[in-house]
Amino acid sequence: MDTIDGLQRMVREFFYTNNFEHMVLSPPESIREFIESEIAYLSENVKATQVILEVGCGYGRLLEIIGGNANLAVGLDFSWSLLKRAKSDLANIQSVLLALALAQQIPFKDGSFNCALCVNATFGNMPGLELAVLAEMKRTLKPGGKIILSVFSENAREAQIENYQRLGLKIEKEDSISIQTREGLFSRRFSKNDLRKLFERIGLACEITRLCPISYLATAIRN
C-alpha cells in the first residue's frame, strides 16, 4: 500500500510532467458540463473590486476569466512548467500575478484576499493535504472573505473513468472515493458530508450546491 508521502510524491511528479490542456479539450459531456457550469459561476460571482487567490491554477485557464473581472488575481501552483505556460498565456493581463508554492504553505500574509478558490476538482488531487490546504485558504482571507471549492461528487466515478481512459491513463487502484492511475494521478470524490466535516474542522460552516450531476460547489465565509 502506498504511504501518504509516497502518494503525494507521485501526484507531484504527475503534475510536473503532464499537459493538462488535454484534460479540458473535448472532454466527455458530463465533464464539459462541469467545466462550463464552473465558468458561469465564477464569471457571475467574481467582482471587479476583489483580490482573488486561485490555489492550483495550473496553466492559467481560469485566471484569464478571473483576472479579467477581479482587481487582482493571484494564481498559485507547485509546478513551474505549468506556471511558465500561464505566464506566457496571461502576459497581457496586468491584473494577474503568479506564485510558485505549495497549497499547504501559501506564502501570503493573513487576511490578504477577498476570495480563495480551489476549483476544477483540483482539491481532490491533494491526498492527505485537504485539511491543511483548506486551513491555509481560510488564513489568507480577509474577514468576510469567501472560500470557493468545486469538487467531484460521489456520482462522478463513471465520468472520471471515461475521461482518464480518453486521455490514455491507466487506472491502477480504486476505492469507494478515489481513483489512482499508473501515471500518478490521484482524484477523489466528495460527499456533502465529507465537505461539511472538513469545513467544520477549520471552524467554518459551508453551503453546498450541485454545479451539475457530477460536482458540488462548496462556499464558506470567514468570520
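## Cysteines

C57 counts as buried because its relative accessibility is 5%; buried means under 20% relative accessible area, exposed over 50%, and partly exposed in between, with a 1.4 Å probe and protein chains only. This is a predicted model, in which local features need pLDDT of at least 70 and side-chain atom pairs count only at pLDDT 80 or more, whereas totals for chains, interfaces and linings use all residues. Residues are numbered from 1 along each chain as its sequence is written, and side-chain values use heavy atoms, with hydrogens and water left out.

A search of the whole structure finds zero disulfides, a disulfide being a pair of cysteine sulfur atoms within 2.5 Å. For C57, the nearest cysteine sulfur is that of C118, 11 Å away. C206 is buried as well, at 15% relative accessible area; its sulfur lies 14 Å from the closest cysteine sulfur, in C118, and is therefore too far for a bond.

## Nonpolar cores

A nonpolar core is a set of buried Ala, Val, Leu, Ile, Met, Phe, Trp, Tyr and Cys residues joined through side-chain atoms within 4.5 Å. The largest has 39 residues, of which L42, I66, L117, F152 and I214 touch the most other members. Elements giving two or more residues to this core include α1 (4-17), α4 (63-69), β4 (113-118) and β5 (141-153); helices (H or I, at least four residues) and strands (E, at least two) are DSSP runs numbered from the N terminus. The most comes from α3, with five residues.

Leaving out residues up to four places away in sequence, L117 touches L42, I52, L53, E54, V55, I66, M137 and I148.

## Aromatic pairs

The whole structure holds six aromatic pairs, defined by ring centres of Phe, Tyr and Trp (its six-membered ring) within 6.5 Å; planes under 30 degrees apart count as stacked, over 60 as edge-to-face and the rest as tilted. F14 and F15 pair edge-to-face, at 5.5 Å centre to centre and 80° between the planes, and both are buried.

Y16 and F78 are also edge-to-face, because their planes stand at 85°, with centres 5.5 Å apart. This pair links helix α1 to the loop between β2 (72-77) and α5, 62 residues apart. F14, F15, Y16 and F78 form one aromatic cluster.

Notes. Contact = heavy atoms within 4.5 Å.
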